[in-house]
Amino acid sequence: MKAAPVEMHDADVIRALKIIEELKRIHRAESIESFEPYPKQQSFFASQDRITGFFAGNGSGKSDCAAIETACHLTGKYPSWWQGYRYTEPIRAWAVGVTNESTRENCQYKLFGINVEQPEG
């Protein structure tokens with residue numbers, strides 16, 4: 001079954017193009033490459049150890065660091081500023097929190113950028 005063609009007016013096309021450009025801008029601005037680590041974060045990212053820990057106060061960027069490190073190691077794509085250990089083969093990793101809710105609201109949000117609602121039932 002074919003979908004019926006959608007009629008778009010020039011204003012709709014222009015609006016859609018502006019939305020696409022804004023999404024591209026947000027993606028570039030929020031990419032790992034554009035992240036600028038603070039000095040304490042830099043020392044964390046520079047570690048040559050395979051197992052790391054980042055201990056710091058509230059609001060110091062621990063969750064961001066954990067998400068960036070996890071994403072880099074899982075994808076094998078490291079930003080140009082990365083000085084730390086680099087895995088050369090695929091790895092397995094866990095992202096955990098104190099509760100299911102904190103894992104969903106913190107770890108999942110930092111890694112994927114969204115909060116996925118729990119299914120009903």
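Helices (H or I, at least four residues) and strands (E, at least two) are taken as DSSP runs, numbered from the N terminus. On that basis the chain has four helices and zero strands. Its pattern along the sequence is α-α-α-α. The model is predicted: local features need pLDDT of at least 70, side-chain atom pairs count only at pLDDT 80 or more, and totals for chains, interfaces and linings use all residues. Residues are numbered from 1 along each chain as its sequence is written, and side-chain values use heavy atoms, with hydrogens and water left out.

The chain has 121 residues, of which 18% count as buried. Buried means under 20% relative accessible area, exposed over 50%, and partly exposed in between (1.4 Å probe, protein chains only). The accessible surface of the chain is about 10,200 Å². Carbon and sulfur atoms hold 55% of that surface. Areas were computed by the Shrake-Rupley method with a 1.4 Å probe; for residues, only the protein chains shown count as cover. Contact means heavy atoms within 4.5 Å. Among contacts in the chain with a separation of 6 or more, 40% join residues 24 or more positions apart.

A nonpolar core is a set of buried Ala, Val, Leu, Ile, Met, Phe, Trp, Tyr and Cys residues joined through side-chain atoms within 4.5 Å. The largest such core has 11 residues: Phe-35, Phe-44, Phe-45, Phe-54, Cys-65, Ile-68, Cys-72, Tyr-78, Trp-81, Trp-82 and Tyr-87. H3 gives the most, with three.

Helix H3 has 14 residues and should span 20 Å at 1.5 Å a residue; its end C-alpha atoms are 20 Å apart, which agrees. The expected span is 1.5 Å times one less than the number of residues. Buried positions in H3 are Cys-65, Ala-67, Ile-68, Glu-69, Cys-72 and His-73. The buried residues of H3 pack against H2 and H4. Just after H3, Gly-76 adopts a positive phi of about 75°.

Rings of Phe, Tyr and Trp (its six-membered ring) pair if their centres lie within 6.5 Å; planes under 30 degrees apart count as stacked, over 60 as edge-to-face and the rest as tilted. The structure holds nine aromatic pairs. In one of them, the rings of Phe-35 and Trp-81 have centres 6.0 Å apart and planes at 45°, so the pair is tilted. Phe-35 lies in the loop between helix H1 (10–29) and H2, and Trp-81 in the loop between H3 and H4, so the pair ties together parts 46 residues apart in sequence. Phe-35 is buried, at 18% relative accessibility. Not counting residues up to four places away in sequence, Trp-81 touches Ile-32, Glu-33, Phe-35, Pro-37, Phe-45 and Ile-68. Ring pairs link Phe-35, Phe-44, Phe-45, Phe-54, Tyr-78, Trp-81 and Trp-82 into a cluster.

A salt bridge is a side-chain nitrogen of Lys or Arg within 4 Å of a carboxyl oxygen of Asp or Glu. The whole structure contains two. One joins Asp-64 and Lys-110 (2.7 Å, N to O). This pair links distant parts of the chain, with Asp-64 in H3 and Lys-110 in helix H4 (residues 100–112), 46 residues apart. Asp-64 is partly exposed at 29% relative accessible area, and Lys-110 is partly exposed at 38%. Arg-104 and Glu-105 also form a salt bridge (3.4 Å, N to O). Here Arg-104 is buried at 17%, whereas Glu-105 is partly exposed at 43%.
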